[in-house]
Amino acid sequence: YGSSRYEEAIESAKEVLKSDQHNLDAFIILAGANAALDRQEEASKAAAEVQRIKPDFTVKKYAETQPYRDPKKLEQLAKMLQMAGLH
């Protein structure tokens with residue numbers, strides 16, 4: 001995801017979910033990558049799964065835990081997660 005290779009990020013996240021259907025990070029990647037590709041329906045579904053797994057999830061709290069060197073990339077991720085329907 002961080003390299004803007006969204007299709008590959010989606011495929012990788014789906015592979016993870018085959019063996020771990022409750023993997024929060026995989027659903028976060030699906031939400032952000034699908035939003036970046038303007039696939040709102042898929043992004044919203046992934047965002048709903050994030051909320052189901054972690055009802056107290058917030059984009060702000062999540063962003064505070066991410067070790068991005070480039071703050072612009074982190075801002076872009078936060079924006080995509082918000083577009084997916086996360087707050």
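Me: Is Tyr62 buried or exposed?
Reply: This is a predicted model, and the values are computed from it. Tyr62 has a relative accessible area of 14%. The cut-off for buried is under 20%. Tyr62 is therefore buried.

Me: How many aromatic pairs does the structure hold, and what kind is the pair of Phe57 and Tyr62?
Reply: The structure holds two aromatic pairs. In the pair of Phe57 and Tyr62, the ring centres are 5.6 Å apart and the planes stand at 40°. Stacked needs under 30 degrees and edge-to-face over 60, so the rest count as tilted. The pair of Phe57 and Tyr62 is tilted.

Me: What is the relative accessible area of Phe57, and which residues does Phe57 touch beyond four places in sequence?
Reply: Phe57 is buried, with a relative accessible area of 6%. Residues up to four places away in sequence are not counted here. Phe57 then touches Ile28, Val50, Gln51, Tyr62, Leu86 and His87.

Me: Which residues have the most contacts inside the largest nonpolar core, and which helix gives the most to this core?
Reply: The largest nonpolar core has 28 residues, and Tyr1, Leu30, Phe57, Leu81 and Leu86 have the most contacts inside it. Helix 1, helix 2, helix 3, helix 4 and helix 5 each supply at least two residues of this core. The one that gives the most, with seven residues, is helix 2.

Me: Are helix 2 and helix 5 roughly parallel or roughly perpendicular?
Reply: The axes of helix 2 and helix 5 come within 8 Å. They cross at roughly 90°. Angles of 65 to 115 degrees count as roughly perpendicular. Helix 2 and helix 5 are therefore roughly perpendicular.

Me: Which residues make the contact of helix 2 with helix 5, and how many of them are charged?
Reply: Helix 2 brings Ile28, Ala31, Gly32, Ala35 and Ala36. Helix 5 brings Met80, Leu81, Met83 and Ala84. These residues divide into eight nonpolar and one polar, and the number charged is no residue at all: no charged.

Me: Where is Ala47 found, and which residues is Ala47 in contact with beyond four places in sequence?
Reply: Ala47 is found in helix 3. At 4% relative accessibility, Ala47 counts as buried. Leaving aside neighbours within four places in sequence, Ala47 is in contact with Ala31, Ala84 and Leu86.

Me: How many Å apart in space are Ala47 and Phe27, C-alpha to C-alpha?
Reply: Ala47 and Phe27 are 20 residues apart in sequence. In space, C-alpha to C-alpha, the separation is 7.0 Å.

Me: Why is Ala48 partly exposed, and what separates the C-alpha atoms of Ala48 and Leu86?
Reply: Ala48 also lies in helix 3. Its relative accessible area is 46%. Buried means under 20% and exposed over 50%, so a value in between counts as partly exposed. Along the chain Ala48 and Leu86 are 38 residues apart, and their C-alpha atoms are separated by 8.2 Å.

Me: Where is Asn34 placed, and is Asn34 buried or exposed?
Reply: Asn34 is in helix 2. Beyond four places in sequence, Asn34 is in contact with Ile10, Ile29, Arg39, Glu42 and Ala43. At 5% relative accessibility, Asn34 counts as buried.

Me: What is the phi of Asp38?
Reply: Asp38 sits in the loop between helix 2 and helix 3. Asp38 is exposed, with a relative accessible area of 62%. Most residues other than glycine have a negative phi. Asp38 is not a glycine, yet its phi is positive, about 60°.

Me: What is the phi of Ser4, and what separates the C-alpha atoms of Ser4 and Lys73?
Reply: Ser4 lies in the segment before helix 1 and is partly exposed, at 39% relative accessible area. Ser4 is not a glycine, but has a positive phi of about 65°. Ser4 and Lys73 are 69 residues apart along the chain, and their C-alpha atoms are separated by 9.3 Å.

Me: How many Å apart in space are Lys72 and Ser12?
Reply: Lys72 lies in helix 5. Lys72 is exposed, with a relative accessible area of 63%. Lys72 and Ser12 are 60 residues apart in sequence, and C-alpha to C-alpha they are apart by 23 Å.

Terms used. Residues are numbered from 1 along each chain as its sequence is written. This is a predicted model: local features need pLDDT of at least 70, side-chain atom pairs count only at pLDDT 80 or more; totals for chains, interfaces and linings use all residues. Side-chain values use heavy atoms; hydrogens and water are left out. Helices (H or I, at least four residues) and strands (E, at least two) are DSSP runs, numbered from the N terminus. Buried means under 20% relative accessible area, exposed over 50%, partly exposed in between (1.4 Å probe, protein chains only). Contact means heavy atoms within 4.5 Å. Rings of Phe, Tyr and Trp (its six-membered ring) pair if their centres lie within 6.5 Å; planes under 30 degrees apart count as stacked, over 60 as edge-to-face and the rest as tilted. A nonpolar core is a set of buried Ala, Val, Leu, Ile, Met, Phe, Trp, Tyr and Cys residues joined through side-chain atoms within 4.5 Å. Axes are lines fitted to C-alpha atoms, for helices over the stretch in contact, and angles run from 0 to 180 degrees between N-to-C directions. Angles under 35 degrees count as roughly parallel, over 145 as roughly antiparallel, 65 to 115 as roughly perpendicular and the rest as oblique. Ala, Val, Leu, Ile, Met, Phe, Trp, Tyr, Cys and Pro count as nonpolar, Asp, Glu, Lys and Arg as charged, and the others, Gly among them, as polar.
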